[in-house]
Amino acid sequence: YAYDQVSFGTSGIGVFPNNDFKLRVSDNALTFRNYGIDNTRIEEGKSGVVEIVGCTYHWKTNRIVGEFASTDGAVDSAKLAKLPNSIKKAYESGKMNEEFDIVCLVYPRADFDPKFKGKRGARYRGVWFMDKANENDIFFEEDFAEKPIAMARQIKVRGEVYGRSSGTLLISSIRAVNFMVGTVIEILEKMSNPSLGMFNNAIFGDSVLDTSPNGITIFNSALAGNTGQPMFPIHDVGDPTGIVNFLIPYLNDKITTAFKVDALLDFNSAKDMTATESLQRFAIRGKSISGMLQQQKVEGLEPIIKRSISVLLGFGELGVNPNDEAERAAGLLERGKDERIIPESVLAVMEEGRPWFELKFNNEMEKLMRTEAVQNLLQVLQSITAIAGLYPDIIQAVNWYKLLKDINDNLDYNNQILMSESEFKDQIAAMAQARAAEAQIQAGAAGANIEKDVATANKTNREAENIG
């Protein structure tokens with residue numbers, strides 16, 4: 001998926017239920033398939049997102065029969081009869097390894113209504129047919145509550161359906177670098193093993209001038225005069241220093257920048273920076289790649305996650321619906337595992353066809369997309385610093401914990417570095433009590449020292465009086 005995104009600008013991931021999981025012979029409920037421009041055709045919907053996807057599969061007979069003509073692991077003759085004639089003939093003749101090109105076309109259902117169940121309650125429809133002019137009738141149909149195949153574009157250009165990528169935009173530069181590197185290698189090879197010439201009585205050898213590395217050409221000595229050298233270089237191949245020292249590094253740097261390699265891997269973060277410089281670096285880096293990340297999130301991550309949740313819900317892995325499985329729900333209640341039962345409030349939202357969950361991301365990508373908030377907090381911090389230079393007491397007006405927590409949440413939402421605000425207040429109170437107790441002890445010690453000094457002075461005075 002990632003390779004196709006960078007190289008071609010369009011790729012996708014499909015999420016499908018694993019039938020082996022139903023039979024309890026596999027631990028994985030989901031099956032993922034990758035798609036690219038080589039095996040798909042796409043079209044946008046009204047919202048500008050890819051809604052229509054046609055996928056070509058090169059499957060063998062045994063897999064096609066297993067996918068579309070099997071029930072509980074056994075071949076179903078009724079389902080087998082619906083397959084195209086060429087596939088049925090291959091199966092009946094035992095040609096299990098014969099390959100066929102079949103197409104799955106997924107598109108939004110025109111009569112979709114979220115309040116209905118069954119086909120009309122499924123948002124997408126998928127039809128299967130052979131990629132063959134005389135055998136292209138639909139032989140299998142399925143329904144999907146969520147988009148089964150999410151196709152994402154790395155760079156979206158207005159008026160174009162397929163995406164572009166850094167790789168396609170830089171083809172000319174990459175070719176130029178490859179040509180220059182090849183030329184430099186050829187020059188260096190000729191410098192270390194130059195083509196040579198030597199004299200004879202012919203015009204030159206076989207009338208072919210050999211300028212390849214280690215090549216040698218024979219010249220007529222009578223026509224060339226006396227050079228004093230039995231062998232000599234034919235020509236100067238030139239100095240590649242200019243290409244090696246400037247042009248190739250220059251183009252490589254431009255290619256690296258266009259691919260956003262530095263921004264994605266953040267090589268510059270290894271440098272020593274102050275806290276403010278680090279936040280500035282984070283904001284700049286996030287801005288440079290936030291557009292691409294937002295595209296991946298909307299067209300890739302969100303549909304894939306929603307589809308995965310839909311499949312897992314269908315398997316019953318996200319909870320038991322008491323309306324459909326009353327006996328199982330009652331058993332869970334008896335064992336005190338009511339958390340496995342889907343709440344009535346959630347069921348009510350599902351019945352109405354409304355979204356019953358909200359996605360919240362706490363990964364590296366989401367962190368980079370919160371650069372605007374980080375930049376705003378950075379500006380607030382800089383403003384406080386500037387004002388405090390003129391009026392130091394203004395820092396008492398700042399809720400420092402809240403400021404630090406906002407910065408922490410926007411930099412890494414999922415870390416556990418900061419304690420809660422109530423715990424922080426308890427810590428402050430405990431520190432205040434400890435300081436008060438310490439001050440009291442110090443005051444007591446100071447009083448004791450004073451009394452000791454007074455007693456010592458009185459004793460000294462008495463001894464002085466006795467001596468006198």
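A: Helices (H or I, at least four residues) and strands (E, at least two) are DSSP runs, numbered from the N terminus. This is a predicted model, in which local features need pLDDT of at least 70 and side-chain atom pairs count only at pLDDT 80 or more, while totals for chains, interfaces and linings use all residues. Residues are numbered from 1 along each chain as its sequence is written, and side-chain values use heavy atoms, with hydrogens and water left out.

Helix α11 spans residues 275–315 and contains Gln 294. With a relative accessible area of 35%, Gln 294 is partly exposed; buried means under 20% relative accessible area, exposed over 50%, and partly exposed in between (1.4 Å probe, protein chains only). Although 140 residues separate Gln 294 from Gln 154 in sequence, their C-alpha atoms are 9.8 Å apart in space.

Helix α5 (residues 85–92) has Ser 86, Ile 87, Lys 88 and Ala 90 as buried residues. The buried residues of α5 pack against helices α3 (61–68) and α4 (77–80) and against strands β7 (99–108) and β8 (124–130), where contact means heavy atoms within 4.5 Å. Just after α5, Gly 94 adopts a positive phi of about 80 degrees.

As for the cysteines, zero disulfides (pairs of cysteine sulfur atoms within 2.5 Å) are found in the whole structure. Cys 55 is in no disulfide, and the nearest cysteine sulfur, that of Cys 104, lies 6.0 Å away, which is too far for a bond. Cys 55 is buried, at 0% relative accessibility, and Cys 104 is buried as well, with a relative accessible area of 3%.
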